[in-house]
Protein chains: 2
Amino acid sequence: MKGGLVVALSGGVGGAKLALGLSRVLPAQELLIVANTGDDFEHLGLSISPDIDTLSYVLAGLDNPVTGWGRRDETWSFMETIGALGGADWFRLGDRDLALHVERTRRLKAGETLSQVTADLSRRLGTATRVLPMSDDRVRTRVRSDSGWIDFQDYFVRQQCRPIVRELAFDGADKARAQPDIIAALKGGKVRAVVICPSNPFISIEPILAVPGMREAIAACGAPVVAVSPIVGGRAVKGPTAKMMQELGLVVSSASVAKRYRDLLTGYIVDEADAEGIPGKVHIASTLMTTLAEKEALARTVLTFADTLA
Amino acid sequence: MKGGLVVALSGGVGGAKLALGLSRVLPAQELLIVANTGDDFEHLGLSISPDIDTLSYVLAGLDNPVTGWGRRDETWSFMETIGALGGADWFRLGDRDLALHVERTRRLKAGETLSQVTADLSRRLGTATRVLPMSDDRVRTRVRSDSGWIDFQDYFVRQQCRPIVRELAFDGADKARAQPDIIAALKGGKVRAVVICPSNPFISIEPILAVPGMREAIAACGAPVVAVSPIVGGRAVKGPTAKMMQELGLVVSSASVAKRYRDLLTGYIVDEADAEGIPGKVHIASTLMTTLAEKEALARTVLTFADTLA
């Protein structure tokens, strides 16, 4: 395979699978993961960045194979106790996971940027892969349901995605500054491909693209932009993507996802059953990444396909 | 025994033994524990109140019999991880203990007083005994050693009491407002006794007495003021009391402790070996409280002695 920088946009669990695959088939200096921070929030006085953390844990091999989120070898004494003390226990924070939030919160308050803290903590967790937040400024995804606007984690975790989604907003995105190293990398002329990971388009990828200058820099970087559909066989592999699409009046299909990215995409990778009705260059592959080998295989497929589009 | 309110001044571990004894021989409404907050501090973004916590855990039967501090049935995943992430791990915070600090910090930031938070969290931990901070305002014990002034927990925990103590100061004490329920109780005319628990006089009891109005209210309450010496056989049972006395140029003896409280004391309880040279009413008792029975026995002794002085 040829060299150059691969820039991958990702949310949490779904996107992290492909990010892990990419990290295993590329040298560390040839991969940059751009993480969604729209679902970051403040909870129990802590600054929590769920997508950055999922990416960091997955890339470091520290993700929890049982829960699908959080850290492996986790203990839950803190959570048990905070519940007994009358504190909020709807967002599950393991004892080890908590250390990451406490240390990040302390360093942010001391004046470091989220990028700096993320770079250092990811390294200490044991991954060489670069993960950068889309912005060091505050962007907060909000959900309008029939009972009004609510915070994303309220919708996603506390209410378990039960409210019907009528509209999404990314508070602060219009004033956020794109993380400068991402923009510099996109403008550096050495980008091999931009990969949109199989994340939820509405709550994982669109917040990234909503940061001023991000979409433009991707479109202008001169490299192929390849998305992997999060829809397999007309259903979302995980999470509320399909439910959200229905509620927003869209057909649940890979084609609908492609339309969200339309003018940005050079190529699109969809599962066997989902190719119909998609304009442009489509590559069909098995996108359900269960094993590590499947993650690596899809990563290679994405890169090979992107290289043919260059 | 007669009724009335017993007000007990206490620091952490040593004082908490007698506080526990008192809580077991008195109805809950007849006991008020006044806790030192001079060794409170902010650490990892959390508001930590070591003496209040030790008292709450001991009174609720949740104290750790192995370490002598913190909670029983504790786990240490957070501490292990924060060290690996480059965070400060010199102050040992167990996973369960941490929940108390996180919840207190959140509630203080939301505008509750330390008294309110302490009352509610103590109740939730399972004790009916009232523990009140000496003040809801910030008081911070500082230690002057040969290398300058340092924060108390830096001296006490991080440097393990190694620096030579030349002077102590209680920053903020001069402007702190005594916790109003304590003053109201002392002025209410129903105090049976004020008990000064066998805590370190310099760093546990004197910060309490340094809060404006506290010493005066105790002196004026009309009830006997009885201290239990923290010195047994010319040595401190625990902690840096003896080392600190030597460094401050004092003889290590129960008499030296009595001199710190002199005009306040009605009576003094010392161990068999320490009675010499103490002015005023002295009662000799076994003050080394190892078992629960010994804690209850000393509590009864203190109350009976106080009643004879009334």
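Reader: At roughly what angle do the axes of helix α4 (residues 95-109) of chain A and α3(B) cross?

Author: This is a predicted model, in which local features need pLDDT of at least 70, side-chain atom pairs count only at pLDDT 80 or more, and totals for chains, interfaces and linings use all residues. Residues are numbered from 1 along each chain as its sequence is written, while chains are lettered from A and ligands numbered from 1 in the order in which they are written. Helices (DSSP runs of H or I, at least four residues) are numbered from the N terminus, and axes are lines fitted to C-alpha atoms, for helices over the stretch in contact, with angles from 0 to 180 degrees between N-to-C directions. The axes of α4(A) and α3(B) come within 7 Å, and their crossing angle is roughly 45°.

Reader: Is α4(A) oblique or roughly perpendicular to α3(B)?

Author: Angles under 35 degrees count as roughly parallel, over 145 as roughly antiparallel, 65 to 115 as roughly perpendicular and the rest as oblique. The axes cross at roughly 45°. That makes the arrangement of α4(A) and α3(B) oblique.

Reader: Which residues of α3(B) make the contact with α4(A)?

Author: Residues are in contact if their C-beta atoms, placed from the backbone, lie within 7 Å. On α4(A), the contact is made by D95(A), R96(A), L98(A), A99(A), V102(A) and E103(A). The residues of α3(B) that make it are S77(B), F78(B), T81(B) and I82(B).

Reader: Which element gives the largest share of the side of chain B that touches chain A?

Author: Chain B and chain A each bring 23 residues to the contact. On the side of chain B, two or more residues come from each of α3 (77-84), α4 (95-109) and α5 (114-125). The largest share, 10 residues, is that of α4(B).

Reader: How many charged residues has the side of chain B that touches chain A?

Author: Ala, Val, Leu, Ile, Met, Phe, Trp, Tyr, Cys and Pro count as nonpolar, Asp, Glu, Lys and Arg as charged, and the others, Gly among them, as polar. On this side of chain B, 10 residues are nonpolar and seven are polar. The number of charged residues is six.

Reader: What relation superposes chain B on chain A?

Author: A rotation of 180° with 0.0 Å of shift along its axis brings chain B onto chain A, with an RMSD of 0.0 Å. That rotation is therefore the relation of a two-fold axis.

Reader: Which residue of chain B comes closest to the rotation axis?

Author: The same surface serves both copies, since 100% of the contact residues of chain B recur in chain A. At 3.1 Å (C-alpha), the residue of chain B closest to the axis is D95(B).

Reader: Which residues of α5(B) make the contact with α4(B)?

Author: The axes of these two helices come within 10 Å and cross at roughly 140°. α4(B) and α5(B) are therefore oblique to each other. From α4(B), the contact takes L100(B), E103(B), R104(B), R107(B) and L108(B). From α5(B), it takes L114(B), V117(B) and L121(B).

Reader: Which residues of α12(B) meet α1(B)?

Author: The axes of α1 (residues 13-25) and α12 (residues 292-309) of chain B come within 7 Å and cross at roughly 75°. The two helices are therefore roughly perpendicular to each other. In α1(B), the residues are K17(B), L18(B), L20(B), G21(B), L22(B), R24(B) and V25(B). Those they meet in α12(B) are K295(B), E296(B), L298(B), A299(B) and R300(B).

Notes: Contact = placed C-beta atoms within 7 Å. Least-squares fit on C-alpha atoms with pLDDT ≥ 70 in both.
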